[in-house]
Amino acid sequence: MAGAAGPASPQGTLPAGRSRVGTPLIAGGRAPGSRSGVEPRAMPHRHRLEPGPAACELANRTHLDPGHQQGSAMDTDLRTPDEDGSGDGISTVSGSRNPLQPADTSSEEPFTTYFDSKIPIPEDETHSCFSFRKLWAFTGPGFLMSIAYLDPGNIESDLQSGAVAGFKLLWVLLLATVMGLLLQRLAARLGVVTGLHLAEVCHRQYQKVPRIILWLMVELAIIGSDMQEVIGSAIAINLLSMGKIPLWGGVLITIADTFVFLFLDKYGLRKLEAFFGFLITIMALTFGYEYITVKPNQEQLLKGLFIPYCQNCGTPQLEQAVGIVGAVIMPHNMYLHSALVKSRQVNRANKKEVREANKYFFIESCIALFVSFIINIFVVTVFAEAFFDKTNADVHEVCANSSSPHSSLFPNNNETLAVDIYKGGAVLGCYFGPAALYIWAIGILAAGQSSTMTGTYSGQFVMEGFLNLRWSRFARVLLTRSIAITPTLFVAIFQDVQHLTGMNDFLNILMSLQLPFALIPVLTFTSLSSVMNDFANGLFWKIGGGAMILLICSINMYFVVDYVRSLDHLGLYIGAALLSVVYLSFVAYLTWLCLIALGVSFLACGKTQQLGFVMRPELFLLNNVDSDSVTAR
């Protein structure tokens, strides 16, 4: 095998990518075609691919130091033949794990994570185009990903949209969900094709300083999301207990049950995914009950959903539309989805299996986000029908007549009704009875608990990927919970529920600022043929994805600027201006690298060694190398 053979041995030359018994080595150390059972762990002493002449020539041309030559050789386009010997294999940046991680040793403690075992994919020869058996095997990651579209922040955005704009912004929710689906497709493809999730790819490809900054920004997004989920759960517990459990008590309960629920994966990956499915079902039933009780106008619903208009809309409606986009598309969800798809057994040395996995994961994501979209529709239309154009005086009168303990929440004036998660439950109870309030609280609790768990998984994947750490789940949960809980707990102790729900506005701004740090990298790496090989983005996805990310980031920047303007304080303006310079400089850096990956090569200016992917310069140079010279024959 020219150009990719290992060193000679007593048994003869070892072909690249094959074990001593002649079986191709692929992800997890199993043989191709074995799609059942649990993938074995990587053995401590396994054979690695050695760089061939073409790969070495590439490394020499790019002046890699010796410590990086082996890593680069493994990243170049070395193909692994599949089982039929046709050579119809693919090469990616990964084997079964990050090649930059130290080899496993028998003295290390076993590290437990979401991927202790992988779900086998059944063979179905009778249905070549589509198989429900295979779809069922791939079902799971998309529904866990969709929970981020149903977290308490999204629910609050939904109810405010209905109360402020009625049915007029349903089309914005639909458009935001479709854009989110397309972006999730890119994240899932990255994980399937490479065997690495987004944080691991960032660790391999970005320089050290940008990589650390990127990690900190993503951690901020995860912490902000954690806080929203804790707030939602605490408010739900307070409503269910009729105020007997204070908000700070709800926060502490949320801490405790998070630790309990996260150990469900000890009983099997499918059982954990089933539990998340159960929580989504609870949300669908509870918010669906509210929908049936209120009976929204179906004609107005369809009109608002499919006709992009907003008649007589002003600044409040525009701000709400921007808030919908910011709430739906979550930065940490890109990192989460790219990791979750690794839980299925996919032979990445076989193009057909990779293509099949991409197809079924996309179908599953479509179904999952359709379900989440319907649940969001329930919430928007309930508040659009019942509370659009209502004043505080209207609600105060109804609550007083129904002897509700929450009538004091609504001052007796003619200002337009402003609602949040807490007030939303109270006003439903006033108009439709106590059952509506309790069922609403159950739905919010399910949203908070499910999103808390997926947020913790996101944090674990991000920390492991960016820092190459191997922390236990307990340590990871303890760290992120502590950071998220501390400010929320202080507010819950020393302030009332109005201040607790008011934190959501600031947290939405925080997460809006972090969006470029997920969207730009995922477009960058899925557009690089040296990372994705034959599955790299085509021209349509490069242009369309770039335009979509530009639109989303611009919308969220408007949201941030509007929030800063509302602060009305000179000192805060100056601080925001200074931070914006640093922030925009880093975004510009990531955008510059992304444009080079998209094919705007003149921007490299011959300085990729100093400014670009210095650890992996083949990302720029591989396209200039004859592909045959680095193809295993």
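Helices, taken as runs of at least four residues, and strands, taken as runs of at least two, are assigned by DSSP and numbered from the N terminus. By this definition the protein chain, which is shown here as a predicted model, contains 25 helices and zero strands.

Some totals describe the chain as a whole. It has 633 residues, and 57% of them count as buried. Its accessible surface amounts to about 25800 Å², with 64% of that area belonging to carbon and sulfur atoms. When contacts between residues at least 6 apart in sequence are considered, 80% of them join residues at least 24 apart.

Helix α15 spans residues 392-401, and within it Asn 392, Ala 393, Val 395 and Cys 399 are buried. Because the buried residues of α15 fall within an arc of 160° when seen down the helix axis, they line one face of the helix. After α15 comes Ser 403, which has a positive phi, near 55°.

Attention may now turn to a loop. Gly 268 is located between α9 (247-261) and α10 (269-294). Is this glycine, Gly 268, buried or partly exposed? Gly 268 counts as partly exposed because its relative accessibility is 26%, and buried would require a value under 20%. Gly 268 is also 150 residues from Lys 118 in sequence, while their C-alpha atoms are 9.9 Å apart in space.

Methods: Residues are numbered from 1 along each chain as its sequence is written. This is a predicted model: local features need pLDDT of at least 70, side-chain atom pairs count only at pLDDT 80 or more; totals for chains, interfaces and linings use all residues. Side-chain values use heavy atoms; hydrogens and water are left out. Buried means under 20% relative accessible area, exposed over 50%, partly exposed in between (1.4 Å probe, protein chains only). Contact means heavy atoms within 4.5 Å. Accessible areas come from the Shrake-Rupley method with a 1.4 Å probe; for residues, only the protein chains shown count as cover. The arc is that of the directions from the helix axis to the C-beta atoms.
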